[in-house]
Amino acid sequence: MKTLLPLVAVALLTAAPALAQSDSDAVGPMVTANKVDTQTFVTTVPNANEFEIQSSKLAEQKSASADVKAFAADMIKDHSKVAEDFKAALSQGQTTASIKPAGPALQPKEQQLLDELKAATGKEFDAKYIKMQTDAHKDAVALFSTYANSGDDPTMKEFAKKTLPVLKMHEKHVKELAVAHQG
């Protein structure tokens, strides 16, 4: 079972040319190989961000590894700031007034991933959490990079550009965790 964040995954499956053929009808014409439209970006970011925070809160509670707990604490701090920055950008955006981002509740597939984490313990928990964070950050970096380059709302583009280095840092850090926790 893939552990990709559902909304980000759907957007990226059609945004990435190599993957577009496998699921090109999922989002439809709003996403092309080199562009993510504002509607897709604005509705994807809050749920993906909330998943990052909730899964990291679980990691703080359930992980037995100090390095995983430290990463989770950074994730909560950084993604809480991302949520604040997103709300500010959304309120100032030129094309976002009519777009309603999803509420704080997770989408069904994200909730399923979170439930998988809740059921896991010990090394299995750490492995699942690291895998989910690896997949989530790969997708987030691609989504934010694409929108930062091709988005049509200047305020949201600036938010994407400003957030991208943090996501890339998380992606690098979680890859290091994956290596440290192999086998």
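Accessible area is computed here by the Shrake-Rupley method with a 1.4 Å probe. In this predicted model, the protein exposes about 9,000 Å², of which carbon and sulfur atoms supply 56%. The fold contains seven helices and two strands, arranged along the sequence in the pattern α-α-β-β-α-α-α-α-α. Some overall values are gathered below.

| Property of the protein | Value |
|---|---|
| Buried share of the 183 residues | 47% |
| Share of contacts with a separation of 6 or more that join residues 24 or more positions apart | 73% |

At the start of α7, a side-chain oxygen of Asp153 reaches to within 3.0 Å of the backbone nitrogen of Thr155. Further along, α7 has a kink of about 35 degrees at Leu164, shortly before the proline Pro165. The buried residues of α7 include Phe159, Leu164, Leu167 and Val174, and the buried residues of this helix pack against α3, α4 (66-92) and α6 (122-150).

Within helix α3, which runs over residues 38-62, lies Ala59. Ala59 counts as buried because its relative accessibility is 0%, which is under the 20% cut-off. Leaving aside residues up to four places away in sequence, Ala59 touches Val68, Lys69, Ala72, Phe125 and Tyr129. Ala59 and Ile130 are 71 residues apart in sequence, yet their C-alpha atoms are 9.6 Å apart in space.

Notes:
Residues are numbered from 1 along each chain as its sequence is written. This is a predicted model: local features need pLDDT of at least 70, side-chain atom pairs count only at pLDDT 80 or more; totals for chains, interfaces and linings use all residues. Side-chain values use heavy atoms; hydrogens and water are left out. Helices (H or I, at least four residues) and strands (E, at least two) are DSSP runs, numbered from the N terminus. Buried means under 20% relative accessible area, exposed over 50%, partly exposed in between (1.4 Å probe, protein chains only). Contact means heavy atoms within 4.5 Å. The bend at a residue is the angle between axes fitted to the seven residues ending there and the seven starting there. A polar contact is a pair of N or O atoms within 3.5 Å; within protein, one must be able to donate a hydrogen and the other to accept it, and residues adjacent in sequence count only if both atoms are side-chain atoms.
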